[in-house]
Amino acid sequence: MKKIFMTVFCVVIAAIAIIAIRYVSVISMTNTINPELTTEERAAAANGFIMREEHVFTAQTAGTVYSSLSEGDRVSKDAYVATVYNGEVSSDKLKELGNLDKKIIQAVSDERKKSYYTYDDSSVEGEIASLESQIITAAAENDISKISAYKARLNGIRTGDETYEEAVGQLTLERQAAEEQMGMTKSDIFTDMTGVFTTYTDGLESILNPSLTGQYTVEMIEGMQAPEKSDSTMGKLVPAGSAVCKVVNNHVWYAVVTANQESVASCEEGDEVKLRFKNMANAETTGTIKEISEPNPDGKVLMTIKSSVYFEGAFSYRVADLDVIFESYTGYKVPTHAVRTADGKHSVIGEIGKKRYTCECDVLYSDTDKGFAIVESSKDAENKLSQMERIVVGE
């Protein structure tokens with residue numbers, strides 16, 4: 001009896017072992033991954049500065065800086081940008097000048113709109129209703145200057161007299177009187193280029209200049225100190241010869257950076273690249289490599305990248321801590337051995353439920369050293385990877 005029991009026990013153990021082996025074999029035969037899009041990039045870390053065409057305007061005499069412009073305003077060539085009053089001007093007087101300038105600008109803007117506006121009965125009623133609504137809003141905000149301007153326009157529409165020449169003339173006289181009360185001489189500044197206006201300068205404007213491209217070296221850029229954040233000169237008393245404001249070309253700018261030669265070995269002059277600025281919350285834009293220097297003894301190269309894309313950070317930042325991305329591939333990341341090749345075509349195996357499908361694909365990128373590839377469904381593929389529940393990567 002004992003012998004029979006031992007025989008049955010051994011048979012059961014053997015059966016369990018066979019089932020376990022088969023189960024493990026099935027599990028190991030099929031290895032799958034979820035089809036998730038990923039982006040693989042070839043990039044180089046680089047550091048340096050932003051360079052742009054910019055004109056700094058200085059004070060002819062010591063005095064107080066004033067401008068009716070705001071930071072970042074675009075200005076045209078020969079436009080007024082700032083004034084230096086020969087003396088110390090109170091904040092109240094500067095505020096008075098600012099309010100008068102705002103009224104003049106608003107009046108001129110209204111006149112321009114009027115010159116392009118053709119009224120009919122419905123448009124007149126609509127304009128009146130709009131102005132009445134804006135008066136109510138301005139009253140709630142206690143904005144007296146807006147209320148006055150809206151009422152003047154409303155009266156102009158109702159009386160049929162919308163000429164603002166008298167209003168602008170009167171405001172101009174008031175402004176002249178306000179300046180005369182100050183009893184100071186002044187020096188008005190006009191720009192000789194179009195661009196973006198700012199009262200912040202950093203002292204690198206003449207050092208980092210597009211006209212000097214080709215003269216920079218790795219050592220020069222790496223040895224250059226990042227400027228401290230400057231203060232706005234608006235309303236400040238400045239000495240003669242000091243920087244008052246500047247106008248920056250807002251169409252073209254450059255990144256002058258250094259990088260390890262090995263990391264940019266596949267780059268060439270003329271290549272289009274993506275720039276991701278790590279010191280600007282990973283903001284991205286594009287540019288063209290204009291110059292790559294020969295490596296220095298430390299294996300560093302100097303790169304000059306030109307961009308004609310408007311980029312906010314290019315006008316408010318000087319330091320550039322970025323990644324130069326010269327290759328980018330978006331697709332499905334799979335082991336290289338999961339890609340099958342037959343008759344010059346590539347494919348991977350996908351699964352939906354218990355069924356398998358051959359998915360023709362294009363190999364966008366392959367890294368044999370790391371053993372992976374980035375693939376995407378071929379244009380005419382019958383079975384798309386995006387439709388699969390799983391991708392088979394091992395059997």
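Which residue in S8 does Thr64 stand opposite? In this predicted model, Thr64 faces Leu237 of strand S8. I shall begin with the sheet around that pair, and then move along the chain.

Strand S3, residues 63-66, and S8 pair in the antiparallel sense over 2 bridges. These two strands belong to an open sheet of 4 strands, with the order S6-S5-S3-S8 and antiparallel pairing. Strand S6 (186-190) and strand S8 (237-238) stand at the edges; each has a single partner strand, so one side of each is left without a neighbour in the sheet.

A search of the whole structure finds 7 aromatic pairs. One of them joins Trp253 and Phe277, whose ring centres are 6.3 Å apart and whose planes meet at 55°, so the pair is tilted. Trp253 belongs to strand S9 and Phe277 to strand S10, so this pair ties together parts that are 24 residues apart in sequence. Both Trp253 and Phe277 are buried. Ring pairs also bring in Phe311, linking Trp253, Phe277 and Phe311 into a cluster.

Between strand S9 (243-260) and strand S10 (272-277) there is a loop, and Gln261 is placed in it. Is Gln261 buried, exposed or partly exposed? Its relative accessible area is 32%, which makes Gln261 partly exposed. Leaving aside residues up to four places away in sequence, Gln261 touches Pro295, Gly299, Lys300 and Val301. The C-alpha atoms of Gln261 and Glu294 are separated by 8.5 Å, although these residues are 33 apart along the chain.

Two charged residues also deserve mention. The charged end of Arg74 sits over the ring of Tyr310, at 4.7 Å from its centre. Lys333, in turn, lies over the face of Phe372, with 4.3 Å to the ring centre.

Val348 is the residue opposite Cys359 in S16. Where in this hairpin is a positive phi found? Gly353 takes a positive phi near 65°, in a hairpin with 2 residues between strands S15 and S16.

Notes:
Residues numbered from 1 in each chain as written. Predicted model: local features only at pLDDT ≥ 70, side-chain atom pairs only at ≥ 80, totals over all residues. Heavy atoms only, no water. Buried < 20%, exposed > 50% of the residue type's maximum accessible area, 1.4 Å probe, protein only. Contact = heavy atoms within 4.5 Å. Phe/Tyr/Trp six-rings, centres within 6.5 Å; stacked < 30°, edge-to-face > 60°. Lys NZ or Arg CZ within 6 Å of the ring centre and 35° of its normal. Pairing = 2+ DSSP bridges.
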